[in-house]
Amino acid sequence: MIVKRAYRYRFYPTEEQAEQLARSFGCARWIYNWGLQQRTEAFYKHGQRLYYKDLAGQLKVLKQAPDTAWLAEVSNVVLQQALRHLDAAFARFFKKEAGYPTFKSRRGDQSCSYMSNAFTFRDGRLTLAKQREPLDIRWSRPLPEGAVPSSVTVTRTTGGKYYVSLLVEADVQPLPATTQETGIDLNVKELVLSTGQRFQPPKSLKRLEQRKRRYQRACRRKVAAAKKALGLDPNAPLPKGTRLPISNNLRQAHRQIGRVMERQANVRRDWQHKTTTTIVRENQVIAMEDLYVQGMTASAKGTAEQPGKNVRQKAGLNRAILDVGFGEIRRQIDYKAQWYGRTTVQIDRWYPSSRRCSSCGHIHRALRLSDRHWTCSSCGTRHDRDLNAARNILAAGQAILQGADALRIHE
Ligand SMILES: [Zn+2]
């Protein structure tokens, strides 16, 4: 099967390239935010929906206007791609997969994208539009033989590292069929398979989290000191219009936080890929719950009318969910299963996978979240909570594949 696959590499820009990229990031961000504002205003003021072509048509005008003439300094494709990303963000919003698009900040990761008419790729050398030299890329793994990138995205992380992601077409061969089938219980700390395997995120994530918090505390202390030096109350928010002098110390502290977060992201990504590849390779059928992670994480705070219960407890739970990276795990299993000729099946999230005894089908109503083990009052089987759930998920998945519609997700 021919699939589009992204390959990501670190690279080291020359000073000139770094400056040119900084301009491209800035322009891409500005255009994205401008487009978002245009679309929002058009809708609220005139009930009008603007799309990519409406906004892209105005790029020329912007580049000729004295105030925004600097947009001409970067590749036009970079600006067009920023508008396409905005289009995609709106499409996700309309499909209810994401919230309303938000403005991009100059803090955080910066990125911009190029289509094939805005870069050259020859003999493994990638040169971007408006740049003279190819990027100094560390090819940590080879691109597939003869692959030609169809688009390229460049990112500068908060920690100051540069990455380039190349989208290429690759021919993926299905894996030999296997008879093993599995159900996965995606619980807050780990993945538990009905086959008994357990996958937990690396312990180093915890250490990194502690380090990050230490840096964040140091940062807050430095900000408080800077406020004090200006004669302001260190605990009050900064009055509007006031700017704190950014010391080198503070800048360095910010960098350190950025680096730790990057390391966390890398460790997590690595673990997620290894885990999902293993699961897909070893199983022909993979059953998972249709867990609505966004709903689960949003519900802790509750609303003004219905304040959430156990906010503290759930806050810890949310951190853990975000640590395992639920949504990403599901996404990877889905696409890798497709690549390698495996079947995935989704179980309705309201199916009582935890409370049902996988041996006799009895529903154990008294089960609490804190019960890690329980004994079935009907057949006497002693259960590990997650393993039992995983077995139920597999059974439900197999029933769906045999045509039991009642267990399918209700949309
Ligand atoms: Zn039982």
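How close do the axes of helix α6 and helix α9 come, and at what angle do they cross? The axes of α6 (residues 248–282) and α9 (residues 326–339) come within 9 Å and cross at roughly 45°. The pair is therefore oblique. Angles under 35 degrees count as roughly parallel, over 145 as roughly antiparallel, 65 to 115 as roughly perpendicular and the rest as oblique. Axes are lines fitted to C-alpha atoms, for helices over the stretch in contact, with angles from 0 to 180 degrees between N-to-C directions. Helices (H or I, at least four residues) and strands (E, at least two) are DSSP runs numbered from the N terminus.

The model is predicted: local features need pLDDT of at least 70, side-chain atom pairs count only at pLDDT 80 or more, and totals for chains, interfaces and linings use all residues. Residues are numbered from 1 along each chain as its sequence is written, and side-chain values use heavy atoms, without hydrogens or water.

The crossing of α6 and α9 is right-handed (the near helix is turned clockwise from the far one by less than a right angle). On α6, the contact (heavy atoms within 4.5 Å) is made by Trp271, Gln272, His273, Thr276, Thr277, Ile279 and Val280. On α9, Glu328, Ile329, Gln332, Ile333, Tyr335, Lys336 and Ala337 take part. By class, the contact has seven nonpolar, five polar and two charged residues. Here Ala, Val, Leu, Ile, Met, Phe, Trp, Tyr, Cys and Pro count as nonpolar, Asp, Glu, Lys and Arg as charged, and the others, Gly among them, as polar.

Two loop residues were examined for backbone geometry. Most residues other than glycine have a negative phi. Asp123 has a positive phi, near 50°. Asp123 sits in the loop between β3 (119–122) and β4 (125–128). Its relative accessibility is 74%, so Asp123 counts as exposed (buried is under 20% relative accessible area, exposed over 50%, partly exposed in between; 1.4 Å probe, protein chains only). Lys130 also has a positive phi, near 70°. Lys130 lies in the loop between β4 and β5 (137–138).

Strand β5 contains Arg138. Arg138 is partly exposed, at 41% relative accessible area. Its C-alpha atom is separated by 5.7 Å from that of Arg10, 128 residues apart along the chain. Leaving aside neighbours within four places in sequence, Arg138 is in contact with Tyr9, Arg10 and Tyr12.

Cysteines were also considered. The count of disulfides (cysteine sulfur atoms within 2.5 Å) is zero. Cys357 is buried, with a relative accessible area of 0%. Cys376 is buried at 2%.
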